[in-house]
Amino acid sequence: MVRYVIRRLLWAVVLFIAVTVVTYIIFFMIPLDPARLAAGKSATPQEVKAVAHRLYLDRPIYQQYLHFLSQLVFHGSLGYSFNDRQSVNSSIFAAAPVTASLVLGGAVVWMLIAVPIGILSALKPRSVLDRSAMVGVLCGISAHPVWIGLMASYIFGYKLNLLPIQGYCNLRGGAEGQPCGGPVDWFTHMLMPWIVFAVLYAAIYVRMIRANVMETLNEDYVRTARAKGAPESIVMRRHVLRNAMLPVVTMLGMDIAIALGGAVLIEEVFGLPGLGDLAIQSVYQFDLPKIVGVTVFASVLVIGFNLLVDLLYAWIDPRIRLA
Amino acid sequence: MALLEVRDLKTQFRTDDGIVGAVDGVSFSVDPGKTLAIVGESGCGKSVTCLTILGLNPRAKTISTGEAIFKGRNLLELPPSELRKVRGNEISMIFQDPMTSLNPVHSIGKQLREAIQLHNKEPKAAASKRALEMLKAVGIPRAETRLEDYPHQFSGGMRQRVMIAMALINNPDLLIADEPTTALDVTTQAQILKLMNDLQRDFGSAIIMITHDLGVVAETADEVLVMYAAKPAEQGTYSDIFYHAHHPYTWGLMRSLPRLAQHGQELRPIAGSPPSLLRPPPGCRFHLRCPYAMEVCRTTEPEFASVEGTDAHRAACHLDEATKKREAETLVAETMASTG
């Protein structure tokens with residue numbers, strides 16, 4: 001087990017380096033002069049040169065990369081934005097909690113929907129419940145999240161005035177200048193985004209859970225458990241679900257990881273200033289440090305989460321441990 | 001006094017294509033400490049018979065009638081809560097494929113303890129101790145270290161031993177073994193059968209051995225029931241079936257066994273394949289494959305009648321007694337000759 005963990009950690013480091021190299025190369029090789037962008041439109045050639053020097057842009061690529069990497073690893077800094085000279089770190093750390101609220105809360109909602117419906121559908125295939133669940137799944141997968149978001153905003157926000165249409169409120173309470181704050185505001189502002197975000201994933205997971213449970217119910221060891229005299233509750237809990245939910249755990253980890261990189265559509269519809277929104281803004285502004293910063297941050301999250309999921313999986317599935 | 005008395009057991013499954021009669025009128029009894037072998041081709045109903053006795057068929061799709069009297073109660077009429085107390089406790093069942101019959105994410109110690117704790121309120125330590133004893137009894141080497149190992153760390157033969165341990169751990173009166181050695185290689189098969197015989201002697205349990213292999217029957221059976229297409233074809237003691245067989249299907253089964261002295265000669269299978277149980281043929285179900293078929297066989301189902309007045313030996317065949325006796329004797333002579 002320990003060897004497995006160490007191997008996975010080393011691999012995570014390799015992945016991190018690979019991702020940062022690729023990100024760096026892509027963004028610093030595109031045909032825009034970063035120095036010119038940084039210096040501003042009305043800069044003289046000497047000013048551009050000075051900026052280039054200050055930003056290490058006149059060194060060979062690998063030196064630039066190593067400088068970037070050393071800043072990142074030893075100082076934890078992702079650089080400074082070209083546009084507003086703010087540290088990229090601060091922009092990211094302001095946006096991250098928003099995305100985290102959306103994704104983690106959304107994950108809770110979609111699991112709360114998907115798990116019971118998936119299991120019940122599997123237990124009663126072709127019943128009314130099952131068939132309506134499958135129709136629901138089809139709708140959930142087909143309807144575009146932006147459309148669902150806008151419809152929900154319109155109906156529940158504008159027409160019925162039940163929930164706020166846009167914006168994010170800090171969980172801890174409003175800073176000065178913020179129109180809202182505190183747990184209640186946070187919750188009411190997140191409720192619709194959570195539900196809209198959850199629709200697509202819930203649909204996918206209902207289908208997956210249903211298939212897994214149905215397959216597991218036919219396994220020989222389930223028959224063995226019944227032959228031992230186990231009541232259905234124990235058969236379901238200890239034998240069926242314990243096995244059927246294993247792949248769901250992996251999928252969940254990966255889906256959350258990817259979504260944390262920026263659930264762009266939902267963030268745009270509901271005006272949530274999260275990482276996805278940050279990424280889009282920075283692309284419009286050609287703000288290279290921010291673009292690189294968000295990409296690196298999201299990649300680290302994905303790599304980290306995947307590692308966590310792998311370790312978790314090794315813990316819950318004994319067949320993996322000795323591989 | 002029979003331990004288990006099955007009378008006119010019938011099981012039907014509701015399928016999309018109609019009602020399939022998987023078991024159509026089977027009766028037998030099992031005495032304490034004895035072994036009954038149920039023999040037949042795939043699909044003849046031998047497994048379903050035993051699954052019906054323990055109520056392990058899918059409830060929604062199954063219609064079962066008849067009686068399975070065990071300790072004075074008809075198992076087919078027991079409510080599920082009562083039936084659960086019998087399963088794994090008084091009647092245990094082991095299945096064909098040991099590779100998939102154990103839960104892969106729990107240790108075998110945990111699964112053995114589960115078998116105990118489902119029926120007794122034993123604390124974990126005592127249950128573990130009992131589990132360890134059983135592992136040793138079934139011949140798992142270094143059992144102490146193996147208790148917390150997982151199923152994928154055992155070979156097929158070892159897993160089947162674990163299954164046997166799990167089945168016998170509560171000292172059941174009856175063990176039903178559904179083709180326990182079919183998925184194992186021949187040497188392992190011999191070991192497992194010997195193990196089961198020894199354990200039967202030590203624990204005193206009766207065994208129902210379901211198999212398609214007459215070799216296994218020869219090794220283990222006191223009584224034999226031959227089934228064909230959901231119905232009983234012949235039934236009797238071991239010597240009745242092997243030395244005085246009275247049914248063409250039984251003769252066919254015996255003749256189809258490959259023998260060492262036959263080296264180089266063609267095998268003699270029974271031509272054709274079993275009929276559909278959705279729409280079984282009229283008359284005797286075997287008549288389409290029977291080399292002795294007569295006009296009456298096509299129209300009238302033969303009665304499952306006693307042979308020579310003994311109730312214990314029965315056969316369902318229209319052939320006259322003289323022919324049957326002659327065939328049985330020929331078969332025995334052939335067999336003796338070919339084993340050199």
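Helix α13 of chain A, spanning residues 275–284, holds the buried residues L275(A), G276(A), D277(A), L278(A), A279(A) and S282(A); buried here stands for 20 or more other C-beta atoms within 10 Å of a residue's own, with C-beta atoms placed from the backbone. Helices (H or I, at least four residues) and strands (E, at least two) are DSSP runs, numbered from the N terminus. The model is predicted, with pLDDT of at least 70 needed for local features and 80 or more for side-chain atom pairs, while totals for chains, interfaces and linings use all residues. Residues are numbered from 1 along each chain as its sequence is written, with chains lettered from A and ligands numbered from 1 in the order in which they are written. The cover over the buried residues of α13(A) includes α5 (88–123), α12 (264–270) and α14 (288–316) of chain A. Just after α13(A) comes F286(A), with a positive phi of about 50°.

Turning to chain B, strand β7 (residues 174–178) is largely enclosed by the rest of the structure, because five of its five residues are buried. L174(B), I176(B) and D178(B) lie on one side of β7(B), and L175(B) and A177(B) on the other, so that both faces are covered. Strands count as paired when DSSP finds at least two bridges between them. A177(B) stands opposite I94(B) and has M209(B) as its bridge partner in β8(B).

Notes
A residue is buried if 20 or more other C-beta atoms lie within 10 Å of its own, exposed if 12 or fewer, and partly exposed in between; C-beta atoms are placed from the backbone. Two residues are in contact if their C-beta atoms, placed from the backbone, lie within 7 Å.
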